Amino acid sequence: MIRVEVAYARPDKQEIVPVTVPEGTTALEAVKLSGITDIFPEVDPDSNDMGIFGKVIKDPAAHELRDGDRVELYRPLKIDPKQARLNRAMKKGA
């Protein structure tokens, strides 16, 4: 058995859920086992982007976790980062 954490944050609330899982558990399985969707119903483990300590995982269903890993669930971006940068530049120039 290994110990991992599953983390999710909104602007108003953050939660880190410790989970003990069997070796060989994937990031996606750990998220589903953590019960984080009970705390944050808007989380969809099958579609949310995930990472380990800030590094994005391309395939959470295949990424095996190691003892001490923290699986982070990412919220979808509300605006494209390039567009946000352009908006700030236009506002500053005005």
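Analyst: Happy to! One term to begin with: a residue is called buried when its relative accessible area is under 20%. Please also keep in mind that this is a predicted model.

User: Good to know. So is Tyr8 buried or exposed?
Analyst: Tyr8 has a relative accessible area of 5%, so it is buried.

User: And how many aromatic pairs are there?
Analyst: The count comes to one aromatic pair. It is made by Tyr8 and Phe40, whose ring centres are 4.8 Å apart; their planes stand at 65°, so the pair is edge-to-face.

User: Why are you giving me both a distance and an angle?
Analyst: Because a pair of aromatic rings is described by the distance of the centres and the angle of the planes.

User: What about Phe40, buried or exposed?
Analyst: Phe40 is buried, with a relative accessible area of 0%.

User: What lies over the face of Phe40?
Analyst: That would be Lys13, at 5.4 Å from the ring centre.

User: Let's change topic. Which strands pair with S3?
Analyst: S5 pairs with S3 in the antiparallel sense, over four bridges. Strand S4 (residues 55-57) also pairs with S3 in the antiparallel sense, over three bridges.

User: How many residues lie between S3 and S4?
Analyst: Two residues lie between them, and the two strands form a hairpin. In the turn, Phe53 has a positive phi of about 50°.

User: Back to S5: which residue there does Gly51 stand opposite?
Analyst: Gly51 stands opposite Glu72. Strand S5 covers residues 70-74, and Glu72 lies in it.

User: Is Glu72 buried or exposed?
Analyst: Glu72 counts as buried because its relative accessibility is 12%, and the cut-off for buried is under 20%.

User: What does its side chain make polar contacts with?
Analyst: The side chain of Glu72 makes a polar contact with the side chain of Arg70, at 2.8 Å. It makes another with the side chain of Tyr74, also at 2.8 Å.

User: And leaving aside neighbours within four places in sequence, what is Glu72 in contact with?
Analyst: Glu72 is in contact with Ala7, Asp49, Met50, Gly51, Ile52, Phe53 and Gly54.

Definitions and conventions:
Residues are numbered from 1 along each chain as its sequence is written. This is a predicted model: local features need pLDDT of at least 70, side-chain atom pairs count only at pLDDT 80 or more; totals for chains, interfaces and linings use all residues. Side-chain values use heavy atoms; hydrogens and water are left out. Buried means under 20% relative accessible area, exposed over 50%, partly exposed in between (1.4 Å probe, protein chains only). A polar contact is a pair of N or O atoms within 3.5 Å; within protein, one must be able to donate a hydrogen and the other to accept it, and residues adjacent in sequence count only if both atoms are side-chain atoms. Contact means heavy atoms within 4.5 Å. Rings of Phe, Tyr and Trp (its six-membered ring) pair if their centres lie within 6.5 Å; planes under 30 degrees apart count as stacked, over 60 as edge-to-face and the rest as tilted. A charge sits over a ring if NZ of Lys or CZ of Arg is within 6 Å of the ring centre and within 35 degrees of the ring normal. Two strands pair if DSSP finds at least two bridges between them.
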